[in-house]
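Have the viewer open and follow along.

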Amino acid sequence: MAKRTPGPSTPATAALARAGIPFAVRAYAHDPAATDFGAEAVRELGVAPERVFKTLLAEIDGALAVAVVPVSARLDLKALAAVLGGKKAVMADPALAQRKTGYVVGGISPFGQRTRLPTVLDASALGLPAVLVSGGRRGLDLELAPADLLRACGASAAEIAR
């Protein structure tokens, strides 16, 4: 993985650069009519869906947390709650997710969020040499090693996708 490939600056790219985390910028022309942002990234970047991860916010017993799961899978809310020591998890309201992260839905990155939240990466990422996650805006993904993602977010890894 290159140290950093040139590209747009976002809070996510700035956070990774400050932390010295190597990553590659993978940009594409976002279609404003697209609503399945993960499928669009897979298609436009020409990568396998299990390598592209979406960043989701959930409320566990009323507290926000971040889940990073493959776009080809669904978040298992019960598993996420269990990993974080909670009883009940629900998806966070999109407006709340945008306020807390500083990113728009479809462009929420696990890096550089306004509020640092507990983060869990699906364990399926650990078997891959590199994964892609949103770079902080629609049409911008960042490619990096799963271990670097964990380090940059202070995240844990667990089976939270189904």
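## Ground rules

This is a predicted model, where local features need pLDDT of at least 70, side-chain atom pairs count only at pLDDT 80 or more, and totals for chains, interfaces and linings use all residues. Residues are numbered from 1 along each chain as its sequence is written, and side-chain values use heavy atoms, leaving out hydrogens and water.

Helices (H or I, at least four residues) and strands (E, at least two) are DSSP runs, numbered from the N terminus. Two strands pair if DSSP finds at least two bridges between them.

## The five-stranded sheet

Five strands make an open sheet in the order E4-E2-E3-E5-E8, with mixed pairing. E4 and strand E8 (156–158) are its edge strands, each pairing on one side only. From one strand to the next, the twist averages 35°; such angles run from 0 to 180 degrees between N-to-C directions, with axes as lines fitted to C-alpha atoms, for helices over the stretch in contact.

Take strand E2 (residues 53–60): six of its eight residues are buried (under 20% relative accessible area, with exposed over 50% and partly exposed in between, using a 1.4 Å probe and protein chains only). E2 pairs antiparallel with strand E3 (residues 63–70) over eight bridges, and Thr55 has Val68 in E3 as its bridge partner.

The parallel part is between E3 and strand E5 (residues 119–122), joined by three bridges. Val68 has Leu121 as its bridge partner in E5. Helix H5 lies across E5 and E8, running at about 170° to E5.

## The turn at Asp61

Which residue takes a positive phi in the hairpin of E2 and E3? Asp61 does, near 50°, in a hairpin with two residues between the strands. Most residues other than glycine have a negative phi. Asp61 counts as partly exposed because its relative accessibility is 47%.

## The three-stranded sheet

A second open sheet has three strands in the order E1-E7-E6, with antiparallel pairing. Strand E1 (24–27) and E6 stand at the edges with a single partner strand each, so one side of each is left without a neighbour in the sheet. Neighbouring strands here are turned by 35° against each other on average, direction ignored.

E1 and E7 are joined antiparallel over four bridges, and Ala24 stands opposite Glu143 in E7.

## Two pockets

A pocket is an open set of points on a 1 Å grid over the protein atoms alone, where a 1.4 Å probe fits, with protein on both sides within 12 Å along at least five of seven lines; lining residues have an atom within 4 Å of a point. The largest pocket holds about 590 Å³ of space. It is lined by 30 residues, and the closest to its centre are Phe37, Lys54, Thr55, Leu56 and Gly106. Helix H2 (37–45), E2, helix H4 (94–101), strand E6 (131–137) and strand E7 (140–144) each supply at least two lining residues.

The second largest pocket has about 220 Å³ of space. Its 13 lining residues include Pro110, Phe111, Gly112, Arg116 and Ala152, the closest to its centre. Helix H1 (11–19) and helix H5 (146–153) each give two or more residues to this lining, and the largest share, three residues, comes from H1.

Technical notes. Grid points are joined across faces, edges and corners, and a volume is the space filled by probe spheres set on the points. Contact means heavy atoms within 4.5 Å.
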